[in-house]
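Please read it alongside the sequence and the structure shown here.

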Amino acid sequence: MKLNQLRSIIKEELKNSLNEYQDKFKMIGTLITDINDRNQTEILSDIRSLAGVTIVGSEEPMAYADQDKSKFKSILTVKVDGHPWITKGGFSREKLEDVVADIKRVPGVQGFFVKGDDISAL
């Protein structure tokens with residue numbers, strides 16, 4: 001194999017691997033909060049302040065009046081940018097588990113559940 005052919009193959013492989021690398025993901029999950037303890041706006045604000053979280057959208061699956069305020073359910077859409085992890089050695093889909101764990105630690109959050117198929121690259 002000639003040197004130029006080898007260079008061409010290496011360049012092509014590098015280009016393909018860079019195209020496959022994803023640094024932004026979206027996950028959709030069910031958020032359960034106690035809004036008697038803290039209001040939803042404060043909880044969502046704390047989630048937005050987590051490392052890597054860029055956008056948080058919330059939608060209620062049922063009417064506010066019909067919900068149990070101690071187990072308030074909402075559908076949460078979270079977009080995560082990998083920049084904080086890229087600078088520290090790498091970002092992958094598995095890092096989203098850390099984001100889920102961080103969301104669960106926010107005061108007022110009782111649970112956050114995401115199915116694997118509700119995670120997608122952007």
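## Surroundings of S58

Beyond its neighbours within four places in sequence, S58 is in contact (heavy atoms within 4.5 Å) with Q40, L44, S74, I75 and L76. S58 belongs to strand β2; helices (H or I, at least four residues) and strands (E, at least two) are DSSP runs, numbered from the N terminus. With a relative accessibility of 37%, S58 counts as partly exposed. On this scale buried means under 20% relative accessible area, exposed over 50%, and partly exposed in between, using a 1.4 Å probe and protein chains only.

The model is predicted: local features need pLDDT of at least 70, side-chain atom pairs count only at pLDDT 80 or more, and totals for chains, interfaces and linings use all residues. Residues are numbered from 1 along each chain as its sequence is written, and side-chain values use heavy atoms, with hydrogens and water left out.

## T33 in strand β1

T33 is part of strand β1, residues 24-33, and is buried at a relative accessible area of 0%. Its side chain makes a polar contact with the side chain of Q40 at 2.9 Å. A polar contact is a pair of N or O atoms within 3.5 Å; within protein, one must be able to donate a hydrogen and the other to accept it, and residues adjacent in sequence count only if both atoms are side-chain atoms.

Not counting residues up to four places away in sequence, T33 touches several others, among them I43, K69, F72 and V109.

## Helix α2

The buried residues of α2 are Q40, I43, L44 and I47. They lie on the same side of α2, because they cover an arc of only 95° around the axis, taken from the directions from the helix axis to the C-beta atoms. These buried residues pack against β1, β2, β3, α4 and β4. At the N-terminal end, N39 caps α2, with a side-chain oxygen 3.1 Å from the backbone nitrogen of T41.

## Nonpolar core

A nonpolar core is a set of buried Ala, Val, Leu, Ile, Met, Phe, Trp, Tyr and Cys residues joined through side-chain atoms within 4.5 Å. The largest one has 22 residues, of which M27 and I47 touch the most other members. The elements β1, α2, β2, β3, α4 and β4 each supply at least two residues of this core, and α4 gives the most, with four.
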